[in-house]
Amino acid sequence: MQTFDSLIVDVNDVFWTYLLIPVVVLAGLWFTLRSRGVQLRLLPEMFRVLKDPAPAPDGDEGRKPVSSFGAFTISAAARVGTGNVAGVASAITLGGAGAVFWMWVMAIVGAASAFVESTLAQLYKVRDEDGTYRGGPAYYMRRGLGKPWLGFLFAVTITVTFGLVFNAVQSNTITTVVSGSLGVDDTGVVAPVIGAVVALLLGLVVFGGVRRIASVTQWLVPVMAILYLALGTIVVLMNITDVPRVLADIVGGAFGFREVAGGAVGAAIQNGIRRGMFSNEAGLGSAPNAGAAAEVTHPVKQGLVQALGVFFDTLLICSMTAFIILTTNPTLSGRQGADLTQTALESTLGSWAGHALTVVVFMLCFSTLIGNYYYGESNIEYMTSRRWVLPAYRTLALVTVFLGALGTVSVVWNLADVFMGFMALVNLAAIVPLSVVAFRLLDDYQTQRRAGRDPVFTASRFPDLTGVECWPDGNARDRVG
C-alpha cells in the first residue's frame, strides 16, 4: 500500500507541476487581460454587491431566497479549511517564506477565473421544484457548450471528490486534532464517538436543504474567521517588530534574493502556486456550484462576490497563518503542517492557544464538510431527478464522514488530488470558450452601473444566447443604486 501511495504522489506531482499549474495560470492571465483586471478594477463594487439583499421571490411569498452573501458563505465554507492552517504551513516548510508571495499572486490572477466561472454558473442555473436554484460547471457545459456528456463527467468527478472523499479526510482531521487536544494517544477509543457526533451534526444541516445550509454557513463562517483572525492578530501585534523582517523574507524568498528554509525560487513558486490553488479553488469548478444558488438581479454580481471569496481565503486567512508562523518561528525548525501553526501560537500565547486552535480547526473542517457536501448535492440533481437518489447520497455522505474518522486516509487523499486536478482541466475546457459570454455580461453590467442603475439582467437583450432559463425576458426593474 505504501508503494502504491508513493506512486500516486509521484504521478500527482508531475500532473500538477507540468500540466495543471501552467494551464490554470495561463487561463487566469488571459481572463485578467480580457476583462481589464476585473478582479482589481471592481474591488469596491464587490463589497457593495455583497451587501445586496436577495430580490423578492416571484410567485412564492413564503419562500426565503438565498442571498448573495449566503451563497458566498457556502463557497467560503468549502474554501476555508485545514489547508488554510496546515496547507500554508506545509507550503512555507517546503518552499520557504517566498511561497507566500506566490500564493498572493495566484489569488490575484485566479480571482479572474473565479469571476468567469461563477458568472456563467449564475447565467445557466436552473430552478428546482421547491424554488431553489442550482447550477455550476455541469450546467453551463450542458446549456452553454451543448455538451451534456462533459457535464455528466464533471458531475460524477466532483460528487465523488468533494462530496465523499474530501469529507472523509476532513472528519479524519477533526478526530486527529480533538484527540491531540484531549491528550488521547489511542484514537481508536474516541474516533467512533467523534465520527458519530460529526456525522449527526452534519446530518442535521444537510437534511434541511440548501436554505438551512446557507443559514448555518452565514453564521459559522464569520465566527470561525473572526476567531482565527483575532488569535493571529494578537500574535502579530506581540511580534510587531518582526513584521518588516517577515515581509522582506517573503519578497526576498520569492525571487531568490535570500535563502530561507530551503526557499529556492523554484520551490517557492511551485509550492506557493499549488497551495494557493488548493486553498482558494479558483478555476477548479467547485465554488460556482454555490454561487449559482444565490438570487441576484444580474449574473455578474455573483461573479464579483465569488472573486472576492478568493481574496478572503488567500489574502486574509492564509496570510494570517503565514504571519503567525514567520513572526514566531522564522527558522521553521522541527515542525510541519498544522503542528507548525499550533507551536507558533503556543510559543506566543501559551498552551491555551493550542486548544483554541483545535476549536478553530474543528469549525474549519465542519464548515468544509457542509460546503463539500453541497457541491455533491448540486451535481446529484444534475445527473438524475429520481427522488430516492438524493436521500441515498445524503446517507452515504454521512457514512463516509463516520468511516473517515476511524482511520488514515493518505491514499484516498492523494487519489482525490488527481481527481481534483482532472476536474479542474474539464472545467477550464468549458470556461475558456464560454468566457466571451461572461465578458459580454460584464460590459452590460458596467453600462447599467454607469447609467446610475442597479444592474438587472434580461435575456431579451441577448437573443443569441441559448440555454438560459431562469432570467426574465423583460419588465426589468431599474433601481437606482
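Aspartate 242 has a relative accessible area of 23% and is partly exposed (buried means under 20%, exposed over 50%, partly exposed in between, with a 1.4 Å probe and protein chains only). This is a predicted model, in which local features need pLDDT of at least 70, side-chain atom pairs count only at pLDDT 80 or more, and totals for chains, interfaces and linings use all residues. Residues are numbered from 1 along each chain as its sequence is written, and side-chain values use heavy atoms, leaving out hydrogens and water.

Aspartate 242 forms a salt bridge with arginine 245 (a side-chain nitrogen of Lys or Arg within 4 Å of a carboxyl oxygen of Asp or Glu).

| Pair | N to O distance |
|---|---|
| Arginine 245 – aspartate 242 | 3.9 Å |
| Arginine 245 – aspartate 249 | 3.3 Å |
| Glutamate 45 – arginine 48 | 2.9 Å |

Arginine 245 is partly exposed at 25% relative accessibility, whereas aspartate 249 is buried at 8%. Glutamate 45 is buried at 11%, and arginine 48 is partly exposed at 22%. Glutamate 45 and arginine 48 lie three residues apart in helix 3 (residues 43–50); helices are DSSP runs of H or I with at least four residues, and strands are runs of E with at least two, numbered from the N terminus. The whole structure holds 11 salt bridges.

Helix 14 (residues 299–328) has 30 residues. Of these, 27 are buried, so helix 14 is largely enclosed by the rest of the structure.

The protein chain has 18 helices and four strands. Buried residues make up 60% of its 481 residues.

Terms used:
Expected span 1.5 Å × (residues − 1).
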